[in-house]
Amino acid sequence: HSVVHYLARLKGTWSNEYLGLFTLQGSLQRDRREEYAIRRNSAYSAVPTLSLSLTSLQTDASWRKHYHHWDTELGLHFVGTENYNRPGTGVVPIIPNYTEVTGAAHLLQKYQAERWGAEVGLRLDQMTLKVAGYDIYQQLFKDTKHFTNLTYSIGGHYHLSPLWHVTTNLGAAFRAPHVHELYSEGNQHGSAIYIRGNRNLKSERGYKWITSVEHSGERLHVRADGYLQWIDGYIF
């Protein structure tokens, strides 16, 4: 087993009293992974059964501004990932070569009054996944998938008295299927498990509502939480 990991990161900020706070950061990550197994023909035991390189580029830009009772945040995000299986291992890779590109934008708005506050958040994600590889029958296959998802959150809090505080939040999140869940086929390295993906999987969505009542005193602190959570399109 051999793993080589490289990471480079850069971050910059600029603040202005009237325009707000601007942040820009980026990172480049590169991994090379090799796994070995004892083969029947010992001459090939020195050849890795898995040899892949994974490159990931991520950039994030955001703007934040506080004015009167309001706080606003806007952000843009980009993630690009490329996975390449090096040939010559004699074993069909369990995950094909793929590129994954994700672009997203988010908005967060908060309002804070004397006794109460509220906030709302929105995020839109667009992911494109392209794969190319060979199956266990040595047949070439290619595929492209697109996933578009909207995430939201809305909540608020209220001070009933100096000692009592109520908070509530309702949100929705998503998880697009990973390439491993979609296209994997073969024996998983390090275990005697045969895995086969499902190319028809859709995004998994979760919804959650949480409400809390809290009492904070000098001698007593009590908190009661109630929540409701359900998942649509659970991936298992």
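Gln25 is found in strand β2, which covers residues 20-35 of this predicted model. Setting aside neighbours within four places in sequence, the contacts of Gln25 are Leu10, Lys11, Gln58, Thr59 and Asp60. For Asp60, the separation from Gln25 is 35 residues in sequence, while the C-alpha to C-alpha distance is 5.4 Å.

Thr81 belongs to strand β4, residues 70-85. Is Thr81 buried or exposed? Its relative accessible area is 15%, so Thr81 is buried, the cut-off being under 20%. Not counting residues up to four places away in sequence, Thr81 touches Leu54, Thr55 and Ser56 as well as Tyr98, Thr99 and Glu100.

The next topic is strand pairing. Strands β7 and β8 pair in the antiparallel sense, over eight bridges. A hairpin of four residues leads from β7 to β8. Within this pairing, Tyr158 stands opposite Val166 in β8. Strand β8 also runs antiparallel to β11, and twelve bridges join β8 to β11. One of the residues involved is Arg175, whose bridge partner in β11 is Glu204.

Side chains of opposite charge can pair when their charged atoms come close. How many salt bridges does a search of the whole structure find? The search finds seven. Among them, Glu204 forms a salt bridge with Arg175, with the closest N and O atoms 3.8 Å apart. Glu204 lies in strand β11 (residues 204-216) and Arg175 in strand β8 (residues 164-175), so this pair ties together parts that are 29 residues apart in sequence. Glu204 counts as buried, at 13% relative accessibility. Arg175, with a relative accessible area of 32%, is partly exposed. Arg175 and Glu181 meet through their side chains in a salt bridge as well, at 3.2 Å from N to O. Glu181 is partly exposed, its relative accessible area being 24%. Which residues do the shared partners join into one network? They are Arg175, Glu181 and Glu204.

A further salt bridge links Glu34 and Arg32, where the closest N and O atoms are 3.0 Å apart. Glu34 counts as buried because its relative accessibility is 14%, and the limit is under 20%. Arg32, at 36% relative accessibility, counts as partly exposed.

The last topic is the nonpolar surface. A nonpolar patch of about 1,100 Å² is made by Leu74, Leu107, Val120, Leu122, Leu124, Leu150, Tyr152, Ile154, Leu170, Trp209, Leu228 and Trp230. Which strands each supply at least two residues of this patch? They are β6 (116-134), β7 (140-159) and β12 (221-232). Leu107, one of the patch residues, is found in strand β5, residues 97-112. Leu107 counts as partly exposed, at 35% relative accessibility.

Technical notes
Residues are numbered from 1 along each chain as its sequence is written. This is a predicted model: local features need pLDDT of at least 70, side-chain atom pairs count only at pLDDT 80 or more; totals for chains, interfaces and linings use all residues. Side-chain values use heavy atoms; hydrogens and water are left out. A salt bridge is a side-chain nitrogen of Lys or Arg within 4 Å of a carboxyl oxygen of Asp or Glu. Buried means under 20% relative accessible area, exposed over 50%, partly exposed in between (1.4 Å probe, protein chains only). Contact means heavy atoms within 4.5 Å. Patches are made of residues with over 30% relative accessible area and no salt bridge: like charges are joined within 9 Å, nonpolar side chains (Val, Leu, Ile, Met, Phe, Trp, Tyr) within 5 Å. Accessible areas come from the Shrake-Rupley method with a 1.4 Å probe; for residues, only the protein chains shown count as cover. Two strands pair if DSSP finds at least two bridges between them.
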